[in-house]
Amino acid sequence: MMPDKEKMALVTGAAGVLGSATARALAAEGYRVILVDIVKKPLDELAGSIGDAAIPLPLDIRNPQAVAEACDAIRNNQGEVSVLVNNAGVLSNEKLADTTDDEWRRILSVNLDGAFYLCRQWLPGMKRRHWGRIVNICSLAMKTGGLTAGTAYTASKGALSALTFSIAREAAPHGVTANGIAPAYILTPMITDYLSDDQQHRLLEQIPVGRFCEAKEVANVVRFLISPLSGFITGEIIDINGGLHMD
Ligand SMILES: NC(=O)c1ccc[n+]([C@@H]2O[C@H](COP(=O)([O-])OP(=O)(O)OC[C@H]3O[C@@H](n4cnc5c(N)ncnc54)[C@H](O)[C@@H]3O)[C@@H](O)[C@H]2O)c1
């Protein structure tokens, strides 16, 4: 078990629905939580509601220089991050022919590049200290080809899973696990804003559990993956989809 002073986590996309649920769960586990997001105001509001454990950090994770400078500042002022949750993500439903160069880069730069920059910053310290947990928020889309999600999003999440496997293999002998979570249809603006009522209704008919996923339920999986209970699980992408897809 790690001593409390070393319990520091970083969550990207912390101002979002899933990110904020995860940040709250980590704070409840006794972690100081660095809340990273590109939007400042909701980040400050979230930090205020979590209290002393929260450290808001407005940052665009697409920018490797900005990520490096922010991580150096964290290292100097707070210490090393032992739990990294790469949760920030943007969605696009465009299929191949309608995916522009800009759209491809916009999705890949957040969903994949940002996670890579942060893993590169914090994995060496985790390996040195022989303990660490990386959790990447992937998606069911990468297994199904994207039921409603588009080409860039689906490809970005497939690549994020492969990044998870690569890190898991490299880091396992050093006491560091890397896993992913593949949720489907969490009740967030990605559902309510991007899918029509008709699409939502048709989807619910296909989800055996008969409802959309609560953000808190994904945060519970993060909680499990960072706990001592899961030390032998690495390189795994855990499904949480209400039975929509079984493999
Ligand atoms: N909602 C779903 O049903 C669903 C399903 C599968 C996977 N996911 C994944 O879960 C994760 C969280 O999704 P959510 O539903 O909570 O979405 P959300 O839109 O509520 O949160 C995403 C957050 O990422 C932040 N972000 C975007 N670009 C950024 C950047 N460049 N730098 C820093 N932060 C940035 C946004 O500001 C936002 O706060 C995403 O990776 C998403 O792909 C969601």
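In this predicted model, helix α3 covers residues 64–77, and because 14 residues at 1.5 Å a residue should span 20 Å, the 20 Å between its end C-alpha atoms agrees with that expectation. The buried residues of this helix are V67, A70, C71 and I74; seen down the axis of α3 they fall within an arc of 100 degrees, so they line one face of the helix. An α-helix has 3.6 residues a turn, so residues three or four places apart point the same way. On the other side of α3, the exposed residues are Q65, E69, D72, A73, N76 and N77.

After α3 comes G79, a residue whose phi is positive, near 120 degrees.

Turning to the whole chain, the fold comprises nine helices and seven strands. Its radius of gyration is 17 Å, close to the 18 Å that the globule rule gives for 247 residues, so the chain is as compact as a globular protein of that length. Taken along the principal axes, the C-alpha atoms fill a box of roughly 50 × 35 × 35 Å. Of the 247 residues, 46% count as buried, and among the contacts with a separation of 6 or more, 70% are accounted for by residues 24 or more positions apart.

Methods: Residues numbered from 1 in each chain as written. Predicted model: local features only at pLDDT ≥ 70, side-chain atom pairs only at ≥ 80, totals over all residues. Helix = DSSP H or I, 4+ residues; strand = E, 2+ residues; numbered from the N terminus. Rg over C-alpha atoms; globule rule 2.2 N^0.38 Å. Buried ≥ 20, exposed ≤ 12 C-beta atoms within 10 Å, placed from the backbone. Contact = placed C-beta atoms within 7 Å. Expected span 1.5 Å × (residues − 1). Arc of directions from axis to C-beta.
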